[in-house]
Amino acid sequence: MVMSSLLYTNDIPFHTIYLHGLVRDEHGGKMSKTAGNVVDPLEVIDEYGTDALRFTLLTGGTPGNDLNLSLDKVASNRNFANKIWNVTRFIVRNLEQVSKDDAPAAPWDLAAAGAREQTATEGDGRSAPDEEALTGADKWILTRLSDVVQTTNRLMNGYQFGEAGRQIYEFLWGDFADWYVETAKVQLEEGGGRAWTTLNVLTYVLDQTLRLLHPYIPYVTEAVWQQLQEALGEVDNGIEPAAEPALIIADWPEPGAAFPEAAASWERVRELVRGIRGTRAEYNVEPGKYVAAHIAAGDLAPFMTSQRDTLIFLARLDDDELEIATHVEAPEDAVTVTVGDVAAYLPLAGMVDVEQERERLTGELSDVESQIERLTNLLDGPFSEKAPEDVVQKERDKLARYRAEREELRERLETLA
């Protein structure tokens with residue numbers, strides 16, 4: 001092909017060739033009709049959709065290595081496509097919640113947010129928003145978006161297409177859908193300018209993320225993007241639809257707003273919520289139950305106080321029994337959740353039935369100690385000499401895990417003493 005092109009056109013047909021490895025079955029075996037492990041892409045498309053298979057193939061491998069094609073992974077990526085639809089529907093449903101009266105006097109250009117000078121962009125009179133109008137969560141997601149755009153561009157320029165797709169996946173599902181959209185529900189409840197700003201951020205981040213995902217998931221992203229733009233055009237609320245008629249010809253994103261200090265502060269809020277959720281899970285607290293909390297936030301106390309409603313909603317904290325201050329006296333019989341220099345004390349009284357929890361943990365400890373005794377006797381006997389080394393090592397690893405679990409259970413029982 002190269003020689004023919006040089007002969008007839010005096011030019012080469014391409015300057016770069018991207019080679020990928022073999023597509024193998026989920027166990028790493030080479031596909032063949034004899035082995036009966038061939039995966040028919042047309043059958044996979046019929047069951048899971050074209051975009052799910054395309055995204056799996058594009059993100060499932062790394063340069064220089066073969067790709068193991070798992071149908072479970074294809075199904076997972078179909079769920080990812082469903083997540084995109086669900087997020088879009090949530091935003092579209094809330095567009096009518098605000099009006100032009102809630103919008104700022106001058107149209108906003110979120111791509112210009114974070115610029116040193118709050119000046120109008122050329123030609124359309126749009127300006128960067130006043131940073132005071134953005135919440136900590138707004139600044140966090142805009143900063144994360146800027147980071148993922150920069151990372152994606154760098155990876156794509158280096159032909160690391162799989163890793164670039166994985167980065168976008170983690171951002172949309174892990175950061176945007178699981179955290180910012182949930183926080184947005186609290187901010188939308190405030191109505192007025194706060195709700196308008198939140199919807200502006202939601203539509204902007206989704207728009208930019210769909211542009212990043214379009215090479216990987218072209219059909220779903222185009223359909224979703226068109227739905228979003230149509231909804232924005234029908235609702236006269238001051239949030240403008242994109243200028244381009246189709247996603248496939250829309251401008252590629254460039255790094256935009258970045259608020260590193262505010263983003264770092266809100267990241268502490270997210271870590272604290274994770275810690276509280278983990279503690280609730282450890283003590284089997286009912287998901288819908290609101291619990292008391294005393295938070296010693298040090299220098300972050302003002303910021304944590306501004307996020308009070310978000311903490312209540314995300315961590316299921318009791319508003320009447322939530323204390324946020326620079327310094328807090330640790331109450332007795334409380335579980336401590338520490339995130340850097342921020343500590344949250346969760347009183348056990350009211351959160352769990354102490355006597356019932358003590359009985360449950362005692363029973364678990366008894367079971368663990370029985371397993372430790374059994375494995376210790378097994379490894380001290382002839383088994384260690386007769387069994388294969390890898391089998392013996394598995395039992396040793398299992399014993400180590402049980403011993404670690406025993407220590408954790410003892411610590412939790414001491415807390416309940």
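# Report on a predicted chain

R316 is partly exposed, because its relative accessibility is 27%. Buried means under 20% relative accessible area, exposed means over 50%, and partly exposed lies in between (1.4 Å probe, protein chains only). R316 sits in the loop between α11 (308-315) and β4 (317-325). Its phi is positive, about 55 degrees, although R316 is not a glycine. N284 also has a positive phi of about 55 degrees, and N284 is not a glycine either. N284 lies in the loop between α9 (260-282) and β3 (291-296).

This is a predicted model: local features need pLDDT of at least 70, side-chain atom pairs count only at pLDDT 80 or more, and totals for chains, interfaces and linings use all residues. Residues are numbered from 1 along each chain as its sequence is written, and side-chain values use heavy atoms, with hydrogens and water left out.

## The whole chain

The chain has 14 helices and 6 strands. Both are DSSP runs, numbered from the N terminus: helices are H or I with at least four residues, strands are E with at least two. The C-alpha trace spans about 80 × 65 × 35 Å along its principal axes. Of the 417 residues in the chain, 43% are buried.

Contact means heavy atoms within 4.5 Å. Take the contacts between residues at least 6 apart in sequence: 71% of them join residues at least 24 apart.

## The cores

In soluble globular proteins, nonpolar side chains tend to be buried together. A nonpolar core is a set of buried Ala, Val, Leu, Ile, Met, Phe, Trp, Tyr and Cys residues joined through side-chain atoms within 4.5 Å. The largest one here has 90 residues. I91, L142, F176 and L272 have the most contacts inside it. Helix α6 (residues 161-189) gives the largest share of this core, 12 residues. Another core lies apart from it, with 11 residues, including I372, L375, L379 and L413.

What does I91 touch, not counting residues up to four places away in sequence? The list is F176, L199, L202, T203, L206 and L228.

## Helices α3 and α4

Helix α3 (residues 50-59) has these buried residues: D51, A52, L53, F55, T56 and T59. They pack against α2 (41-48), β2 (67-68), α4, α6, α7 (192-213) and α8 (218-234). One of the buried residues of α3, D51, can be compared with A81 in helix α4.

## The aromatic rings

A pair of aromatic rings is described by the distance of the centres and the angle of the planes. Rings of Phe, Tyr and Trp (its six-membered ring) pair if their centres lie within 6.5 Å; planes under 30 degrees apart count as stacked, over 60 as edge-to-face and the rest as tilted. The count comes to 10 aromatic pairs.

One of them joins F80 and Y169: the centres are 4.4 Å apart, the planes are at 45 degrees, and the pair is tilted. F80 is in helix α4 (residues 71-94) and Y169 in helix α6, 89 residues apart, so the pair links distant parts of the chain. Y169 also pairs with W173: their centres are 5.8 Å apart and their planes at 35 degrees, so this pair is tilted. Y169 and W173 are 4 residues apart in helix α6, about one helical turn. An α-helix has 3.6 residues a turn, so residues three or four places apart point the same way. F55, F80, Y169, W173 and Y216 form one aromatic cluster.

Which residues are buried, and which are partly exposed? The table gives the values.

| Residue | Relative accessible area | Class |
|---|---|---|
| F80 | 0% | buried |
| A81 | 11% | buried |
| Y169 | 15% | buried |
| W173 | 22% | partly exposed |

## The cavity

Rolling a probe the size of a water molecule over the atoms shows where empty space is left. On a 1 Å grid over the protein atoms alone, a cavity is a set of points where a 1.4 Å probe fits but cannot get out; lining residues have an atom within 4 Å of a point. Grid points are joined across faces, edges and corners, and a volume is the space filled by probe spheres set on the points.

How many cavities of 30 Å³ or more does a search of the whole structure find? It finds 1. The largest cavity holds about 40 Å³ of space. Its lining is L142, L145, S146, Y204, E254, P255, G256 and A257. Helix α5 (residues 136-157) gives the most to this lining, with 3 residues. The lining divides into 5 nonpolar, 2 polar and 1 charged. Here Ala, Val, Leu, Ile, Met, Phe, Trp, Tyr, Cys and Pro count as nonpolar, Asp, Glu, Lys and Arg as charged, and the others, Gly among them, as polar.

Methods: On a 1 Å grid over the protein atoms alone, a cavity is a set of points where a 1.4 Å probe fits but cannot get out, and a pocket is an open set with protein on both sides within 12 Å along at least five of seven lines; lining residues have an atom within 4 Å of a point.
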